[in-house]
Amino acid sequence: MAKNNFMNAMMKAELPKSMYSQDEKIKKELIVLDILKKFIPPLASDERTQLEQNILQFGCKDPLIVWETKRGIIEPTSPNPDEQCYVLVDGHNRHEICQKFNLDFRINLIEIADLEKAQDFMIDHQLGRRNLSIEQMAYLRGMKYLALKQERENLELTRDKTGKFKTENDRSGQSDHHGENEVSESAETRSGQTDHHGKKEKLSEQLAKEFNVGEKTIRRDADFAKGVELLPPEIKNEVLQGKSTLKKTDIIEIGKIKDTNEATQKVQELISEAENKTTKKETQPKDKVLSVLKTYLSTPEDCDTLIMEIKNLKKEMLKQVK
């Protein structure tokens, strides 16, 4: 009797709003930002095929990570800044496959302060993976350096405008070609790191320790990342997969160019040069054969004789196959 009374009470009770319906709403409204998606290393065609087959066979096992935020955080000019929105920060490839085949997936919501912190999260998350190429690791380290440097400069500029803080550049008038000074009050607030002499560390020194590489490597990574960002999407993917004919050193040199127009022009020149080399490489065997033939063929009759010999040779080869 007690069991029946309990079941009747449960059936009559008003159930709370389903979390399932809330998840479905989030999935439908999921936002993919290009500024964040670029931190997802591209998959090679065979890797993409394998992932697709795995998801079709076993489903999307790992949940997608979603950033719960306000519209004004990702769109400062939005007319509805307080509108709740949901941004995908991990699982872009899985999301695309699930969308393609109309498959369900799970989500995990996380809280992040702003877009800059979202970029930091994505870079750190990707750098934690073990299947990254050398180029992908360099790109992500470089992008983290550039993102943190921009964050620091923005904070210093804000403080400088309020009259509460002067940038290190104002104090010393010195900076490297990256514009990097000794970590100032704003950077110290963010990192809280000093060396054993009490001297403030440079951002490149911080990241070098974090990733166990040299400081110069971090600086090269930053130039490499800037150069990669100027490449067309399909070539960028090839570079990050380690399948491009473009040299990493050339991309780094492009990243050092401060003038955007000049850098863009250099990119076009580099791509054209690579395409010409590829074309020349493809025609090289033919060129060699023609060079040899020209040595022995001096008249049109010689060409006719050679053509006849080749035809006879072809007939003999066909007979052997039969």
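**Pockets, burial and cysteines**

With five residues, α4 gives the most to the lining of the largest pocket. This is a predicted model, in which local features need pLDDT of at least 70 and side-chain atom pairs pLDDT 80 or more, while totals for chains, interfaces and linings use all residues. Residues are numbered from 1 along each chain as its sequence is written, and side-chain values use heavy atoms, without hydrogens and water.

Q: What makes a residue part of the lining of a pocket?
A: A lining residue has an atom within 4 Å of a pocket point; on a 1 Å grid over the protein atoms alone, a pocket is an open set of points where a 1.4 Å probe fits, with protein on both sides within 12 Å along at least five of seven lines.

Q: What is the volume of the largest pocket, and which residues are closest to its centre?
A: The volume is about 570 Å³, counted as the space filled by probe spheres set on grid points that are joined across faces, edges and corners. Of the 28 lining residues, Leu-43, Leu-51, Asn-93, Arg-129 and Asn-131 are the closest to the centre.

Q: Which elements give two or more residues to the lining of the largest pocket?
A: They are α4 (45–58) and α6 (92–101). Helices here are DSSP runs of H or I with at least four residues, and strands are runs of E with at least two, numbered from the N terminus. The protein has 16 helices and three strands.

Q: Which element supplies the largest share of the lining of the second largest pocket?
A: That is α13, with four residues. The second largest pocket has a volume of about 310 Å³, and among its 18 lining residues Lys-37, Lys-38, Ile-40, Lys-236 and Asn-237 are the closest to its centre.

Q: Why is Cys-98 called buried?
A: Cys-98 has 1% relative accessibility, so it counts as buried; buried means under 20% relative accessible area, exposed over 50%, and partly exposed in between (1.4 Å probe, protein chains only). Cys-85, at 2%, counts as buried too. Of the 322 residues of the protein, 33% count as buried.

Q: How do you know how many disulfides there are?
A: A disulfide is a pair of cysteine sulfur atoms within 2.5 Å, and by this rule the count is zero. Cys-98 is in no disulfide, and the nearest cysteine sulfur, that of Cys-60, is 4.1 Å away.
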